[in-house]
Amino acid sequence: MNIILIGQPGTKRRDYFLKAAQELGAGVSFYEIGSSLVHVAKNSIVKIDPPQYEDCDLSNLNILVKGYTSYLEDIGSNKKLTFLNSPESIIDTLNKRKCKDILVKNRISVTPLVNEIFPDIDALRRYIRENKTYSLFIKPCFGSGAAGIIAYRYHPKICSEFIYTSINKIDGKFVNTKKTLRIDQIERVEELVNFIFSQPYIIEKWIPKPKYKNFNYDIRVVYQFGKIDFMVARCSGSPITNLHLNNNALDINLLKLPQSVICKIGDVCREAVACFNGLNYAGIDILLRGKNLEPVIIEMNAQGDLIHQDIYNENRIYKNQLIRMVNYG
């Protein structure tokens, strides 16, 4: 079996996948994203890593994702290839709305969507007052790493609002940063929310996250080949917990979760992965809801397998992928 990795040179994903391959004595051929692979051998199994965009201008995000999606569609048409995760499953989870719709259709527990279309923030405010839904997450349909995400909260008694976000406007451009900002100036709030409303987006109800030592946390689960392979808690003083925003990774054992909760996390992840054709592994963000810590899915990522707490230690996620690829068929 020929093992092929498609990705970008100089990334941790590439370097640590190849390091795992070297330790296991497995040969891997590397190709950059954009390669057609029309000349590779028929008995090849392919892993596709995501691109790392150097452009942080969120106005260009949809164009960049569209180009990548087109490449996935093209390489997915190559019937000689077998994929660790199918291009179809990657495309389906790239689109947050499509991914959520698939999960909801299959009765998977997810953070609830607001199925309204708002032309601007004034329409959102009217909806909030009429429905008494005062806390929301506003997200671009595309992008990862909290790109463009806004956690919005409205105070009805004093008619004030504020947001948490990593978006900042610099030199006239809306850019993704690596710092979470709390913004309460009305003009800036309006400007940022209206910018996200100018492109495909989704809105979710803001479900309170559990706390660990006064920090909000959720859980990133890497689920592959029918089981949980790795879990890490993501802790933050803000509602946005993505680790690259200088938030804290916490050993999952410190949460002392009951085994029943761990089993429920495994169950919901298994059911979610089964909803997508050709999906063998995924990074799944889990929120534990209420006193009973019921797991609900925040987001799924068919390429969400890079966990620094793993690659700098056992590197078992990539090793388990390689073992499966070596033994395929």
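This is a predicted model: local features need pLDDT of at least 70, side-chain atom pairs count only at pLDDT 80 or more; totals for chains, interfaces and linings use all residues.

**Labels and their cut-offs**

User: What does Ala 282 touch, not counting residues up to four places away in sequence?

Analyst: Contact means heavy atoms within 4.5 Å. Ala 282, which lies in strand S14 (residues 281–289), touches Val 221, Val 222, Tyr 223, Val 273, Met 300, Asn 301 and Ala 302 on that count.

User: What makes Arg 107 and Lys 256 stand out in their phi values?

Analyst: Neither is a glycine, yet Arg 107 has a positive phi of about 60° and Lys 256 has one of about 50°. Arg 107 belongs to the loop between H4 and helix H5 (121–131), and Lys 256 to the loop between strand S13 (248–251) and helix H7 (259–273).

User: How do you know whether Arg 107 and Lys 256 are buried or exposed?

Analyst: With the cut-offs already given, Arg 107 has 79% relative accessibility and so counts as exposed. Lys 256 reaches 72%, so it counts as exposed too.

User: Why is H3 called roughly perpendicular to H4?

Analyst: Helix H3 (residues 87–94) and helix H4 (residues 96–105) pack at about 100°, with axes 5 Å apart. That angle makes H3 roughly perpendicular to H4, because 65 to 115 degrees counts as roughly perpendicular, under 35 as roughly parallel, over 145 as roughly antiparallel and the rest as oblique. Axes are lines fitted to C-alpha atoms, for helices over the stretch in contact, and angles run from 0 to 180 degrees between N-to-C directions. Helices (H or I, at least four residues) and strands (E, at least two) are DSSP runs, numbered from the N terminus.

User: Which residues of H3 and H4 meet?

Analyst: On the H3 side they are Asp 92, Thr 93 and Leu 94, and on the H4 side Lys 96, Lys 98, Cys 99 and Ile 102. By class, this contact has three nonpolar, one polar and three charged residues.

User: Why are S2 and S4 called edge strands?

Analyst: The open sheet of four strands has the order S2-S1-S3-S4 with parallel pairing. Strand S2 (28–32) and strand S4 (81–83) each have a single partner strand, so one side of each is left without a neighbour in the sheet. Two strands pair if DSSP finds at least two bridges between them; strand S1 (residues 2–7) and S2 have five, in the parallel sense. In S2, Glu 32 is the bridge partner of Gly 7. Helix H1 (residues 12–24) packs on this sheet, touching S1, S2 and strand S3 (44–48).

User: Where are the edges of the five-stranded sheet?

Analyst: This open sheet has the order S8-S7-S6-S5-S9 with antiparallel pairing. Its edge strands are strand S8 (173–183) and strand S9 (201–205), each pairing on one side only. Strand S5 (residues 135–140) pairs with S9 in the antiparallel sense over five bridges, and Ile 202 in S9 is the bridge partner of Lys 139. H4 lies across S5 and S9, at about 50° to S9.

User: What makes the protein chain as compact as a globular protein of its length?

Analyst: The chain has nine helices and 15 strands. Its radius of gyration is 20 Å, close to the 20 Å that the globule rule gives for 329 residues, so the chain is as compact as a globular protein of that length. The radius is taken over C-alpha atoms, and the rule is 2.2 Å times the number of residues to the power 0.38. Of the 329 residues, 52% count as buried.

Notes: Residues are numbered from 1 along each chain as its sequence is written. Side-chain values use heavy atoms; hydrogens and water are left out. Ala, Val, Leu, Ile, Met, Phe, Trp, Tyr, Cys and Pro count as nonpolar, Asp, Glu, Lys and Arg as charged, and the others, Gly among them, as polar. Buried means under 20% relative accessible area, exposed over 50%, partly exposed in between (1.4 Å probe, protein chains only).
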